[in-house]
Amino acid sequence: MAKLYELAKLIRSKNAGPFQLTIDVLFEDRATYDRVLSSGVISREEFSQLYGTPEDSIEITNYEAANAIKVTIPRPVISGDLGDGDMMGGQQYGPLVDLEVA
Amino acid sequence: MEATREFRILSPSSMIGAGFRAESLERAMEWKPDVIACDGGSTDPGPYLLGSGGLYFSRESLRRDLEVMLLAARGADIPMLIGTAVAAGGDEQLAVAVELVQDIAKQHNLHFKLAAVNCEPPREYLKERLRSGKIRPLANAPEIDESTFDRADHIVAMAGVEPYQAALDAGADVVLSGRSTDAAIFAALPTQRGFALGPSWHAAKILECGAACVVHRAYADPMFAWIRDDHFVVEPPNPDYRCSPVSVASHTLYENGSPYELVEPNGTLYSDAVTFEAMSDRAVRVSGSRFEPATNTTNKLEGAELVGYQTIVIGGVRDPVILRQLDSWLEGVEETSRRRITQIYGSDMNEQVTITFRRYGVDGVMGSLEPTPTPAHEVGILIEITAPSQEVADSIGKATAHVGAHYAVPEYSGLITALAFPYSPAEIPRGPLYRFTLNHVIEPDDPLDPFRIETIDV
């Protein structure tokens, strides 16, 4: 077992425009990327449970050329609107950092 | 043998006003760029900049960066292109950039042709496009109608390469554009000069944040790219910085919903079959990018409207008894404060006021997305009052701070003080709140229709 941040080169989140949020997890090499992919920790089901967001609104793309996994979801609140707490969407990856990867 | 054809781009910084080292720019100029291109704004800071027409960086910050860049560009007699100049790229903000450039030119006795691309289309034009079905929603877009255009304080269309190219065709040496896609600023010239679309657009995406694609970015600084027929190479001019295949790949994904499709006004960049190779310990070669031109040009619209005026109150809670019932305690504070609003202003005003509690130490950062909304040993409460005027927001802020300070819990008998205020007075006027109201694209008949290009002999 290892935590996701111990395996990843970069974990981050950011607005993809003011209406969407996108999370990137990048790995140094193909083997680590494959290990995390096959562990299934970043799946629509797991992500939906962790973030409490409906499965059909989650888009997960595996980007082999960069050994990267990208998760994109609608922002629950538009950037900077009443009640938004993260203008740039920069701290929305927090719950992924300590995820246990088999 | 014919020398390899290449186009060289210098991107001085992530944003005009964010800064760069003059030494790094000087070194980059020795690499003989064909253009200096830089982004000047963003939607990152939220809807305030578009709504208010204000600045993100100060005039002094903007002036310093523009001055060093302009002197370098004019000295080498190469074009300088600035996109989203500045802040949100509205017409008032563009005027600030134009004024600064004219002022710098005057000081240094520079003479050149300046083009300014205004990106706020007339409201009547937007309404006509909406009626003609030429405005379409993007993902997660709010519902709109013609009144959305009337209510907005500012609406900008994002320029693609076309306005830059039209300005360059008209002989401009310096182009300042209002709201623009980041990549268009960098792709405008190489694609106009017939360089391969895939490498040009992909290099443009990598260059848009200056040195953001290096391994460890300690401060904003320049980035340099060489675009060739079937690949491009990036290398930072700053000797303390280096690019790696992972750092460049990571910027390909940055702030875009899809990792390998970047939709631009006149086509889409695909980077699914790309290879990132280290050329040295600091330069990376990228090949395999392709760009598919679109049949019709579309420009993204951004709009912002005023929601109200805010006053905030910051207070901390350390008592475990209160923290164990934080939700109901806050509900009680709101109810009591609302009774007070009705006493002062009547129930109509009560309906127009929003009271929000952000709870740092519970879910202040993630809100509804937070998986573990469990209170920490202390919690920071940020009370936010949003009202139709600043005066009313301030008045309700004072009242709510007082209610919260002494709101009781059933466990104790007698008066308590429940909120630890770090400031006197506890309430802080915060100013206007704006909202982004558009996530749509407009399809113009002619790609230049939404824009107005002004040429000035400086």
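Predicted model: local features only at pLDDT ≥ 70, side-chain atom pairs only at ≥ 80, totals over all residues.
Which hand does the crossing of α8(B) and α9(B) have? The crossing is right-handed.

**Two helix pairs in chain B**

Helix α8 of chain B covers residues 182-192, and it packs against α9(B) at an angle of about 150°, with the two axes 8 Å apart. Angles over 145 degrees count as roughly antiparallel, and α8(B) and α9(B) are therefore roughly antiparallel to each other. From α8(B), the contact takes in Ala183(B), Phe186(B), Ala187(B), Pro190(B) and Thr191(B). From α9(B), the residues are Leu197(B), Ser200(B), Trp201(B), Ala203(B), Ala204(B), Lys205(B) and Leu207(B). By class, the contact of α8(B) with α9(B) has 9 nonpolar residues, 2 polar residues and 1 charged residue.

Another helix pair in chain B is made by α1(B), residues 22-30, and α3(B), residues 59-76. Their axes are 11 Å apart, and the angle is about 20°. That angle makes α1(B) roughly parallel to α3(B). The crossing of α1(B) and α3(B) is right-handed. On the α1(B) side the contact is made by Ala22(B), Leu25(B) and Met29(B), and on the α3(B) side by Val68(B), Ala72(B) and Ala76(B). The contact of α1(B) with α3(B) has 6 nonpolar residues, with no polar and no charged ones.

The table sets out the two pairs.

| Helix pair | Angle | Distance between axes |
|---|---|---|
| α8(B) and α9(B) | about 150° | 8 Å |
| α1(B) and α3(B) | about 20° | 11 Å |

**The open sheet of chain B**

How many strands form the open sheet in chain B? There are 10 strands, in the order β12-β13-β9-β8-β1-β2-β3-β7-β4-β20, and the pairing is mixed. At the edges stand β12(B), residues 275-278, and β20(B), residues 452-457. Each of these has a single partner strand, so one side of each is left without a neighbour in the sheet. On average, and with direction ignored, neighbouring strands of this sheet are turned by 20° against each other.

One pairing in chain B is that of β3(B), residues 80-87, with β7(B), residues 174-177. These two strands run in the parallel sense and share 3 bridges. Met80(B) has Val174(B) in β7(B) as its bridge partner.

Helix α9(B), residues 197-207, packs on the sheet and touches β1(B), β8(B), β9(B) and β13(B). The direction of α9(B) makes about 175° with that of β8(B). Helix α10(B) lies across β9, β12 and β13 of chain B, and runs at about 150° to β12(B).

**A buried glutamine**

Gln93(B) is located in helix α4 of chain B, residues 91-108. Is Gln93(B) buried or exposed? Gln93(B) is buried, because 29 other C-beta atoms lie within 10 Å, and the cut-off for a buried residue is 20 or more. Apart from neighbours within four places in sequence, Gln93(B) is in contact with Gly53(B), Val86(B), Ala87(B) and Ala88(B). Ser52(B) is 41 residues from Gln93(B) along the chain, and the C-alpha atoms of the two are separated by 10.0 Å.

**Chain B as a whole**

Chain B has 14 helices and 20 strands. The C-alpha trace of chain B spans about 95 × 50 × 45 Å along its principal axes. Chain B has 458 residues, and 50% of them are buried. Of the contacts in chain B with a separation of 6 or more, 77% are between residues 24 or more positions apart.

**Where chain B touches chain A**

In this model, 42 residues of chain B are in contact with 41 residues of chain A. On the chain B side, the elements that give two or more residues are α10(B), residues 245-253, β16(B), residues 354-360, and β18(B), residues 427-436. The largest share of that side comes from α10(B), with 5 residues. The side of chain B that touches chain A divides into 20 nonpolar, 17 polar and 5 charged residues.

**A hairpin in chain A**

In chain A, strand β4(A), residues 59-63, pairs with β5(A), residues 68-74, in the antiparallel sense over 5 bridges. Ile60(A) stands opposite Val71(A) in β5(A). The hairpin of β4(A) and β5(A) has 4 residues between the strands, and Asn67(A) takes a positive phi near 50° there.

Terms used:
Residues numbered from 1 in each chain as written. Chains lettered and ligands numbered in written order. Axes fitted to C-alpha atoms, helices over the stretch in contact; angles between N-to-C directions. Parallel < 35°, antiparallel > 145°, perpendicular 65-115°, else oblique. Left-handed = near helix turned anticlockwise from the far one by under 90°. Contact = placed C-beta atoms within 7 Å. Nonpolar A, V, L, I, M, F, W, Y, C, P; charged D, E, K, R; others polar. Pairing = 2+ DSSP bridges. Buried ≥ 20, exposed ≤ 12 C-beta atoms within 10 Å, placed from the backbone.
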